[in-house]
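This report goes through selected helices, residues and backbone angles. The sequence and structure come first.

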Amino acid sequence: MNDRIGFIGVGTMGEPMCRNLARRSGLPVLAADLDKAPLERLAADGVKAAAIDEIVAECRTIFLSLPGGKEVEEVCLGPAGLVAKVPLGCTVVDLSTAPISLARRLYAEFEGRSCAFADAPVARTRQAAIDGTLSIMVGGTVETFARIQPLLGHMASEITHCGGAGAGQAVKILNNMILFQTGVALAEALTIARAHGVDGRILFDTLTKGSADSFALRNHGMKAMLPGIFPERAFSTVYALKDLGYAIAMAEERGVPALGADVARELMERARELGHDKEYWPVLVKAIEDATGRKES
């Protein structure tokens, strides 16, 4: 093995992260994905398309950026998964959002192979992934964190060691739970304001000047809900529901009520029923509009 870096999964978030890693690290990057289109685009940045077996054979550090826990489990723990193939001394870093229990299992499995594992889910928008200004929350040993932090720095402006295995996933999942609940509050406020003849832009502009100001307001509210723009190549309703499910499962495991998360999930499920499952998750505002019979552009 040499200093090549492997990157498995170059989708909505993975492609720009892989591109920044290739451009900024100065190291050769090999990437694998079922979709050839992003691999062809990444080739212009020197990224070599490769099979997973080639990545395992050639790379000392392997990043994963996959849709969720099911895919991470399949790539790592399947009959031909990474756990069964990686040579001694590899470091596997999961940038996906997946259950805490899976992160802890993978840590144990890779440690049993004398390899390192860290869960390092990412937060912020796709634009942040493009700009290299993500926030990454890491779970793993202090030694592993020190080793991967410089590489993560090519993709993120904020990198936090949250604790041992699974801690990164826990913080990321709760981050998203809070974000989605804030999104519900914004969607409700916008719909109520419009129902009373108040201009939504005036509402949101004014909120940015007071105690209701937030990242969610300035990004998901003002850039998506207000103009009614919910693109498909973004963080979709389906993915948001996945993360909410992880958060609610965390709460249930410890007997903690998660009523706000339940409401957010209910609205997202309604948005999905209305045909918005692939659209950017702030589209949940349409579930509220639908309940009132109001349709806004």
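## Helix α14 and what covers it

Helix α14 spans residues 285–292, and its buried residues are Val 285, Ala 287, Ile 288 and Glu 289. Buried means under 20% relative accessible area, exposed over 50%, and partly exposed in between (1.4 Å probe, protein chains only). Helices (H or I, at least four residues) and strands (E, at least two) are DSSP runs, numbered from the N terminus. The cover over the buried residues of α14 includes α9, α11 and α13 (259–273). Contact here means heavy atoms within 4.5 Å. Just after α14, Gly 293 takes a positive phi of about 80 degrees.

The model is predicted: local features need pLDDT of at least 70, side-chain atom pairs count only at pLDDT 80 or more, and totals for chains, interfaces and linings use all residues. Residues are numbered from 1 along each chain as its sequence is written, and side-chain values use heavy atoms, with hydrogens and water left out.

## Helix α10

Which residues of α10 (residues 200–207) are buried? They are Gly 200, Leu 203 and Phe 204. These residues lie on the same side of α10, because they cover an arc of only 90 degrees around the axis. The arc is that of the directions from the helix axis to the C-beta atoms. An α-helix has 3.6 residues a turn, so residues three or four places apart point the same way.

The buried residues of α10 pack against α9 (167–195) and α11 (215–225). Asp 199 caps the N-terminal end of α10. One of its side-chain oxygens lies 2.7 Å from the backbone nitrogen of Arg 201.

## His 220 in α11

His 220 sits in helix α11. It is buried, with a relative accessible area of 4%. Not counting residues up to four places away in sequence, His 220 touches Leu 179, Phe 215, Met 225, Tyr 280, Trp 281 and Pro 282. His 220 and Leu 77 are 143 residues apart in sequence, and their C-alpha atoms are 35 Å apart.

## The α4 and α6 pair

Two packed helices are described by the angle between their axes and the distance between the axes. The axes of α4 (residues 69–77) and α6 (residues 100–111) come within 11 Å and cross at roughly 10 degrees. That makes α4 roughly parallel to α6; the term covers angles under 35 degrees. Axes are lines fitted to C-alpha atoms, for helices over the stretch in contact, and angles run from 0 to 180 degrees between N-to-C directions.

From α4, Gly 69, Val 72, Glu 73, Cys 76 and Leu 77 meet Leu 102, Arg 105, Leu 106, Glu 109 and Phe 110 of α6. The contact divides into 6 nonpolar, 1 polar and 3 charged residues.

## Positive phi away from glycine

Most residues other than glycine have a negative phi. Ser 114 is not a glycine, yet it has a positive phi of about 60 degrees. Ser 114 is in the loop between α6 and β6 (116–119), and counts as exposed at 51% relative accessibility.

Arg 124 is not a glycine either, and has a positive phi of about 95 degrees. Its loop runs between β7 (122–123) and α7 (126–131). Arg 124 counts as partly exposed at 39% relative accessibility.

## Ser 135

Ser 135 lies in strand β8 (residues 134–139) and is buried at 15% relative accessibility. Leaving aside neighbours within four places in sequence, Ser 135 is in contact with Pro 121, Val 122, Ala 123, Arg 124 and Glu 158.

Terms used
Polar contact = N/O pair within 3.5 Å; in protein donor to acceptor, adjacent residues only side chain to side chain. Parallel < 35°, antiparallel > 145°, perpendicular 65-115°, else oblique. Nonpolar A, V, L, I, M, F, W, Y, C, P; charged D, E, K, R; others polar.
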